[in-house]
Amino acid sequence: MKYLIIFRGIFYYRQRIPLDLRPHFANRDYIKRSLKTRQLKDAKTIAKMLTYKTEKLFFHMRSGMLSKKQIKELVSSYYNETINEMEESRAEGHYSYSERELKEPITHLGSTLDELNMETLKSVQADQRQALTTADYSGISHIAKLLLTEKGLVVDEQSTEFKSLCRECLKASIDIIQYETDTMYGDYSKREETSKYTPTKQPVEPVSSTSKNSQKAITLEQLSNEYLRDVSLNKGVKEKTQKEYESIFRTVFRVIDKDTLVSDIDRTMMLDLKETLKKLPANLHHNKAYRDRPIDEILSMPIKKPRAQRSVEKMLDKMSGLFQWGIKSGMTTFNPAHGLRDRDRRKDSEQKDAYTVTDLETWFTSKIYTEDKYNTKPYHLWLPLLAAYSGLRMNELCQLYVDDVYKVEEVYVFDINENREDQQLKNRNSTRLVPIHSLIIESGFLKYVETVKASGEVRIFHQLSRKHYEKYSDTYSRQLAPIRKELGFIEKKDFHSFRHTFTSALKFANVPETIAGQLVGHAGGETITYTRYGKGHPLDQLKEAVEKVNYDINLETLESLKTKLRSL
């Protein structure tokens with residue numbers, strides 16, 4: 001058991017104290033206590049009880065704790081991450097709707113997109129200044145909650161500390177908007193004025209020989225174990241994500257010895273890791289031919305299916321995250337994996353193609369809608385239509401519950417959330433309400449949801465199951481693959497293309513990009529949207545935008561489609 005150590009035949013319990021709580025324990029690194037037993041079985045029982053008690057203690061100590069320094073660090077993080085995301089987006093040449101080829105401004109009501117963005121930003125900024133005056137934090141509180149969640153902090157939302165955090169976030173949001181308006185046309189002259197968001201630097205102290213030796217004593221395995229333990233304590237991290245970390249580190253340990261000292265890992269070693277990962281097979285741990293062989297021997301073998309570029313980049317990102325965590329935890333001083341991945345330089349528009357009108361008609365007249373055998377799996381019939389007219393991601397649709405569809409302000413919506421353990425979203429911006437298109441309603445979707453609900457089922461597409469660490473969409477994707485291939489949609493046209501089709505329809509309908517961004521739940525890589533500033537567009541505006549999506553599909557095809565769906 002990882003919290004047990006033996007000294008002179010006696011078992012001891014040792015628990016690492018989180019960095020933020022060490023000042024409350026006289027800056028000690030560990031809690032250590034003799035279990036007064038030589039029996040492993042007894043030691044494990046006592047250790048389990050102590051683990052529960054110490055972690056409960058840590059949790060309660062964090063609850064309600066929020067110093068002025070912590071508030072400043074949280075707000076600095078919010079400001080700097082938003083500004084960095086904005087600048088990365090500009091550096092990569094992203095314009096409206098994340099399509100770099102949009103060099104020419106699109107006009108809407110006689111204004112350019114830049115003018116519309118400027119008007120939007122000024123409007124939001126004025127609203128936030130008013131909120132600051134009246135101490136109305138309702139529009140920014142979700143940002144404060146996200147910041148606290150990311151740091152594993154729990155604070156009473158009625159407390160003075162939480163309100164102080166909301167107020168400082170509101171100030172930062174106003175400054176972010178000012179930065180955006182100043183730099184929209186290249187004016188960076190006022191950037192130095194944002195120094196108040198620079199994280200407080202600790203005074204540089206001479207490194208003693210003791211601290212040097214303690215850093216050198218940390219192995220790659222020890223660092224990864226501490227990191228995984230920290231990840232496991234974060235309630236916002238899915239179990240599947242933890243397993244992915246473990247799998248990645250297991251692969252890395254086959255290339256870099258797990259007993260390698262962290263202080264000995266340099267940039268050259270990480271570059272070698274990167275090149276080796278590119279050459280390794282995708283199924284390294286599962287294929288008997290590779291499982292127990294040394295890496296050098298595997299590399300000399302003919303490999304049918306090498307690891308995908310995206311997989312390699314993901315592994316490098318995770319290694320960078322490991323070292324970055326090590327720096328914050330005081331276990332190392334250098335991140336040799338920073339910026340190591342090869343960024344995908346393709347335009348967003350080149351990664352997946354949108355469907356044409358002909359393609360959509362091919363989908364909606366396919367055997368899915370003509371052969372009765374698919375009636376027992378109604379998700380096959382509903383999901384393409386829902387995706388085409390909502391822009392929702394595959395898993396966002398597959399994991400919908402019956403109570404995720406309801407009426408708000410006379411508008412029926414999809415409530416995209418991860419309120420349940422089996423629901424997961426791509427990023428923080430994915431949580432949103434999306435109005436349901438009238439064509440979907442006319443096809444009988446609301447009636448279908450009520451029928452499912454009346455049957456006692458809680459999930460709309462309850463026929464979809466999943467394995468323990470999978471998403472519901474994984475099952476659907478496997479079933480859809482042969483159908484898609486039969487229809488001639490391969491490589492650059494898949495289910496995600498419905499989402500591209502939807503965003504393209506919004507673009508051609510001159511829907512403002514802030515509204516489009518809110519509908520599809522875009523995160524990084526976009527230009528500024530309302531979601532960054534804690535305010536969203538009203539539902540009636542979102543509904544109006546959704547109704548502008550019209551693909552000019554043959555009316556006969558649409559009527560036949562509606563008739564089929566109403567019969568489910």
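**Cores, strands and ring contacts in a predicted model**

Phe445 touches Trp382, Leu386, Val405, Phe414, Ile440, Ile460 and Phe461, leaving aside residues up to four places away in sequence. This list is a handy way into the model, which is predicted. Phe445 is also among the residues with the most contacts inside the largest nonpolar core, together with Tyr389, Phe414 and Phe461. That core has 65 residues, and helix H16 gives the most to it, with 8 residues. Apart from this core lies another, of 31 residues, which includes Val252, Val262, Leu280 and Leu316.

Aromatic rings come next. The search of the whole structure finds 18 aromatic pairs. One of them joins Trp382 and Tyr448 in a tilted arrangement, with 5.7 Å centre to centre and 35 degrees between the planes. Trp382 belongs to helix H16 (residues 379–388) and Tyr448 to helix H19 (residues 445–454), so the pair ties together parts that are 66 residues apart in sequence. Both Trp382 and Tyr448 are buried. Elsewhere, ring pairs link a cluster made of Tyr355, Trp363, Tyr379, Tyr476, Phe489, Phe495 and Phe498.

Arg459 lies over the face of Tyr472, at 3.6 Å from the ring centre. For Lys32, which lies over the face of Tyr12, the distance from the ring centre is 5.4 Å.

Turning to the strands, S4, S5 and S6 form, in that order, an open sheet of 3 strands with antiparallel pairing. Its edges are strand S4 (405–408) and strand S6 (432–435), each of which pairs on one side only. On average, and with direction ignored, neighbouring strands of this sheet are turned by 45 degrees against each other. S4 and strand S5 (residues 411–416) run antiparallel and are joined by 4 bridges; within this pairing, Tyr406 has Val413 in S5 as its bridge partner. In a regular strand, side chains alternate between the two faces of the sheet.

Antiparallel pairing is also found among strands S1, S2 and S3. Strand S1 (residues 4–7) is joined to strand S2 (residues 10–16) by 4 bridges, and the two run antiparallel. Here Ile6 stands opposite Phe11 in S2. S2 pairs in the antiparallel sense with strand S3 (residues 30–34) as well, over 5 bridges, and the bridge partner of Tyr13 in S3 is Arg33.

Most residues other than glycine have a negative phi. Against that background, Ala135 has a positive phi of about 55 degrees, although it is not a glycine. Ala135 is found in the loop between helix H3 (113–134) and helix H4 (141–150), and its relative accessibility of 43% makes it partly exposed. Glu409 likewise has a positive phi, near 50 degrees, in a residue other than glycine. Its place is in the loop between S4 and S5, and with a relative accessible area of 63% Glu409 is exposed.

How values were computed
Residues numbered from 1 in each chain as written. Predicted model: local features only at pLDDT ≥ 70, side-chain atom pairs only at ≥ 80, totals over all residues. Heavy atoms only, no water. Phe/Tyr/Trp six-rings, centres within 6.5 Å; stacked < 30°, edge-to-face > 60°. Buried < 20%, exposed > 50% of the residue type's maximum accessible area, 1.4 Å probe, protein only. Lys NZ or Arg CZ within 6 Å of the ring centre and 35° of its normal. Pairing = 2+ DSSP bridges. Axes fitted to C-alpha atoms, helices over the stretch in contact; angles between N-to-C directions. Core = buried A, V, L, I, M, F, W, Y, C linked by side-chain atoms within 4.5 Å. Contact = heavy atoms within 4.5 Å.
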